[in-house]
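Here is a short briefing on how two chains meet. Look over the sequence and the structure first, then read the points below.

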Amino acid sequence: MELEFDRVSHRNERLAFVRRYAAWVKRVPNEEWSRQQGALIDSFIENTRNMPLTCREYLDRVADRRQDLR
Amino acid sequence: MDLRCSGNRIVVSGKYITLLDRFVMDFVRTLERETPYVVVSGFVAILFGRSRGTEDVDVLIPRLEPEDFAAVHEVLRRGGFGFLSEDDEADDLYAMLAANRAIRIARTDEFIPNIEMKFARDEVDRFVLRDRVDIELPGGSIFISPIPIQIAYNLYLGGRKDIEDALYLWEIFRDDLDSGAMNAALAQFGVRGDEYGIGI
């Protein structure tokens with residue numbers, strides 16, 4: 001019961017954050033939200049270039065993730 | 001956020017172009033020499049500011065004949081893109097697409113980010129291709145799926161990330177969306193957004 005409560009509460013917190021974040025994006029100029037978002041996305045992409053994975057290993061991981069989702 | 005929406009066109013001026021945006025813009029500029037396309041799913045929310053990364057971008061193209069796909073294969077290869085598959089010849093990849101499987105494409109010798117490309121498979125896929133929306137960005141443009149369809153589709157998928165993407169798009173576009181189109185999209189996928197405050 002407690003675990004269920006935590007799950008619902010966690011989901012609602014995440015959804016509330018999405019609403020707050022969207023409200024902030026709508027308030028500020030494109031230059032502002034996109035600069036901050038760009039720092040996150042660019043660092044994510046740069047980091048993936050340092051991943052010690054071969055293409056085959058990457059595709060196997062993707063296939064495993066898809067299997068888990070089914 | 002400054003969005004100028006008119007018909008099937010949205011202008012996003014002044015946006016910082018991320019490495020992911022640049023990759024997608026380079027890809028679609030090459031792809032559209034041979035075929036129409038539409039970008040769908042997670043990248044749509046990210047394009048409008050959702051604060052999350054992704055390693056793959058979903059793209060739909062019409063079902064092509066083998067010789068037309070061979071031209072797509074060639075233009076992408078010459079454009080600096082490679083196919084993430086052990087069998088990367090045009091006929092092998094065509095067989096995958098024709099079997100309703102996706103093929104992955106990245107810049108040559110890289111694998112992230114990548115495009116997950118499929119043939120349009122059903123009525124919804126054909127609809128989003130036909131009614132795609134042109135997003136004009138600094139330095140290029142990208143065709144994406146209509147926003148109401150994207151919101152309804154994300155609700156239909158129902159995963160945590162999908163619901164959050166749907167809510168985000170709704171919050172960004174709620175004042176610009178046509179209520180008829182939004183309700184029709186929700187009905188088409190048999191979903192309701194009330195639980196999340198989505199809907200008109």
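Contact here means heavy atoms within 4.5 Å. By that rule, 38 residues of chain A and 41 residues of chain B take part in the contact. The model is predicted.

**Confidence**
- The predictor assigns the complex an ipTM of 0.91. Its pTM is 0.93.
- Chain B has a mean pLDDT of 96. In chain B, 100% of the residues reach 70 or more.

**Buried area**
- The size of an interface is often given as the accessible area lost when the parts come together.
- Between them, chain A and chain B bury about 3,500 Å². Carbon and sulfur atoms account for 58% of that area.
- Which residues of chain A lose the most area to chain B? They are K26(A), N30(A) and Y58(A). Together they make up 17% of what the chain A side buries.

- The rule finds 6 salt bridges between chain A and chain B.
- A salt bridge joins the side chains of R65(A) and E55(B), at 2.4 Å from N to O.

**The chain A side**
- Three helices of chain A, α1 (2–27), α2 (30–48) and α3 (55–69), each supply at least two residues of the side that touches chain B.
- α2(A) gives the largest share of that side, with 14 residues.
- By type, the residues on the chain A side are 18 nonpolar, 7 polar and 13 charged.

How values were computed
Residues are numbered from 1 along each chain as its sequence is written. Chains are lettered from A and ligands numbered from 1 in the order in which they are written. This is a predicted model: local features need pLDDT of at least 70, side-chain atom pairs count only at pLDDT 80 or more; totals for chains, interfaces and linings use all residues. Side-chain values use heavy atoms; hydrogens and water are left out. pLDDT is the predictor's confidence in each residue, from 0 to 100. Buried area is the accessible area (1.4 Å probe) that two parts lose on being put together, summed over both. A salt bridge is a side-chain nitrogen of Lys or Arg within 4 Å of a carboxyl oxygen of Asp or Glu. Helices (H or I, at least four residues) and strands (E, at least two) are DSSP runs, numbered from the N terminus. Ala, Val, Leu, Ile, Met, Phe, Trp, Tyr, Cys and Pro count as nonpolar, Asp, Glu, Lys and Arg as charged, and the others, Gly among them, as polar.
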